[in-house]
Amino acid sequence: MQPISVIAGPVSFLDRADVDTDQIMPKQFLKRVERTGFGEFLFYDWAKEPGWDLPANPILVAGENFGCGSSREHAPWGLQDYGFQTIVAPSFADIFYSNCTKIGLLPVVLSDEDCRGLARAGSGEIDLEAQEVRFAGEQVAFSIDHEIRHRLLGGLDDIALTLKQNDVIAAYERDRERSGPVTTAL
């Protein structure tokens, strides 16, 4: 996972609320477990609609309750593989939000008014360190859990966090080895 500090660039705007994970990544594309190659299937059914155009910009601004529905990990994988680095919306489904943070896709919660302002500006900058979104001369603060922020700034996925505890794990294993096998009384 790559560390995140500042994400800057053009904005794509998906002006729809309650976008569920099946709309983001339809079920027929869930047969693989690797995290790459899903971008081409993103919003598969909507992409067939006349006039559909969702450029692969670093910033996606969406409506409220983005990522609702099932808990499929493939939806964040597809968004990231397509080219989005951050999703900005008034609200997210909890599991979707968590799945994003575990792969280095930054979800940012802003008011609907600020989301629309960012979309109108057409480009912006999300500064994770400062917890600030900047666009068209505006500076809007956002909050994010301290631990999630630490993980994203450091590029730390679950495996990297575990490996940071390697000395503690090794000490535990040495102690267990010295004390012999675990037995239970029947």
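This is a predicted model: local features need pLDDT of at least 70, side-chain atom pairs count only at pLDDT 80 or more; totals for chains, interfaces and linings use all residues.

Residues are numbered from 1 along each chain as its sequence is written, and side-chain values use heavy atoms, with hydrogens and water left out.

Taking a salt bridge as a side-chain nitrogen of Lys or Arg within 4 Å of a carboxyl oxygen of Asp or Glu, the count comes to eleven. One of them joins Glu 49 to Arg 16, with the closest N and O atoms 3.3 Å apart, and this pair links distant parts of the chain, 33 residues apart. Glu 49 is partly exposed at a relative accessible area of 35%, and Arg 16 is partly exposed at 27%, where that label covers the range between buried, under 20%, and exposed, over 50%, using a 1.4 Å probe and protein chains only.

Elsewhere, Glu 125, Asp 127, Glu 132 and Arg 134 are linked in a network of salt bridges. Within that group, Arg 134 meets Glu 132 at 2.6 Å between the closest N and O atoms and Asp 127 at 3.1 Å, and Asp 127 counts as buried, with 11% relative accessibility.

Which residues line the largest pocket? They are Arg 35, Glu 73, Trp 77, Asn 99, Lys 102, Ile 103, Asp 157, Asp 158 and Ile 159; a pocket here is an open set of points on a 1 Å grid over the protein atoms alone, where a 1.4 Å probe fits, with protein on both sides within 12 Å along at least five of seven lines, and lining residues have an atom within 4 Å of a point.

Terms used: Helices (H or I, at least four residues) and strands (E, at least two) are DSSP runs, numbered from the N terminus.
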